[in-house]
Amino acid sequence: QHVEQTGWDGIWVADHFMPNRPDSNLGPTQEAMGLITGLAALVPRVRIGTLVLGNTYRNPAVLAKQIAQADIISGGRIVFGIGAGWQENEHEAYGIEFSTVGGRLRRLEEAVQIIKSLYTQELTTFEGRYYQMVNAPLDPRPVQQPHPPILIGGGGEKVTLRITAQYADEWNTWGAPDVLAQKGGVLNEHCERLGRDPAEIKHSAQAIVVLSDDPEVVEKAKGPGRATIAGNADELKQVMQEYIDAGVDEFIVPDFNLGRTSEDRKSTRLNPSHTSISYA
């Protein structure tokens, strides 16, 4: 509610069931589909998206149904972010097949085909290597027609960006402006080969944000690890312009490093490893 009232454009929820640590699976981790549905009911105006759902965790038809219901509850504000899945310890702990990178990407492509068919056809029959559907309906329909925006998350240039070019309405990846410009160019090339207008696909990006006037803090933040942008207010404004120049429509701010909220907001605070907020 604070995010909505202070003018942000979106709230994004990751899809994980446990922390990603080598020593322990323990730690509170909110479930994405329940969380976005609750936000849809309680928070007005902002876009509510998944960044991104791991395809391996749910049957794609059931997932399409869940997203449609959340979109109805929100009045048409859900973004359907989906990716191949990557966090191995979750698969091991819950007995979900992890497969190879190629296997997960092939499953993702089949799943997106099924999801789009369910939203656009009265009945879907699909015979794939990994998924089979027979006269599968989806009713009621989501508010957004023909379906909520489908966002593909990932930066793999040969397969992920080709799947994005073929099926997605939006694309997201981590990275600084130069990364987004380079990978955006690859995405455009896939679109051209497929005969699709690249302008039909919105681009979003995220990086850790460090706002500081202290040069030492800024320099330390730019060390190896997750993509990070750092500087004072004027420097970060320039970086935002570089994202715009790279074709980015929406910048998403992870809250991993934003600290604790005030005492009076702790009862409604979301897990900082699980949510992000965005300006479009």
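Helices (H or I, at least four residues) and strands (E, at least two) are DSSP runs, numbered from the N terminus. Residues are numbered from 1 along each chain as its sequence is written, and side-chain values use heavy atoms, with hydrogens and water left out. The model is predicted: local features need pLDDT of at least 70, side-chain atom pairs count only at pLDDT 80 or more, and totals for chains, interfaces and linings use all residues.

**View 1. Confidence of the model.** The average pLDDT (the predictor's confidence in each residue, from 0 to 100) is 93, and 94% of the residues score at least 70. Residues 263-273 have a pLDDT below 50, and beyond near neighbours in sequence this stretch makes 17 contacts (heavy atoms within 4.5 Å) in the model.

**View 2. Helices α5 and α6.** The axes (lines fitted to C-alpha atoms over the stretch in contact, with angles from 0 to 180 degrees between N-to-C directions) of α5 (residues 101-120) and α6 (residues 160-167) come within 11 Å and cross at roughly 10 degrees. The two helices are therefore roughly parallel (angles under 35 degrees). Among the residues in contact are Leu105, Leu108 and Val112 of α5 and Ile163 and Tyr167 of α6.

**View 3. The largest pocket.** A pocket is an open set of points on a 1 Å grid over the protein atoms alone, where a 1.4 Å probe fits, with protein on both sides within 12 Å along at least five of seven lines; lining residues have an atom within 4 Å of a point. Of the 42 lining residues, His16, Leu51, Val52, Trp86 and Trp174 are the closest to the centre. Helix α5 gives the most to the lining, with 4 residues.

Notes: Parallel < 35°, antiparallel > 145°, perpendicular 65-115°, else oblique.
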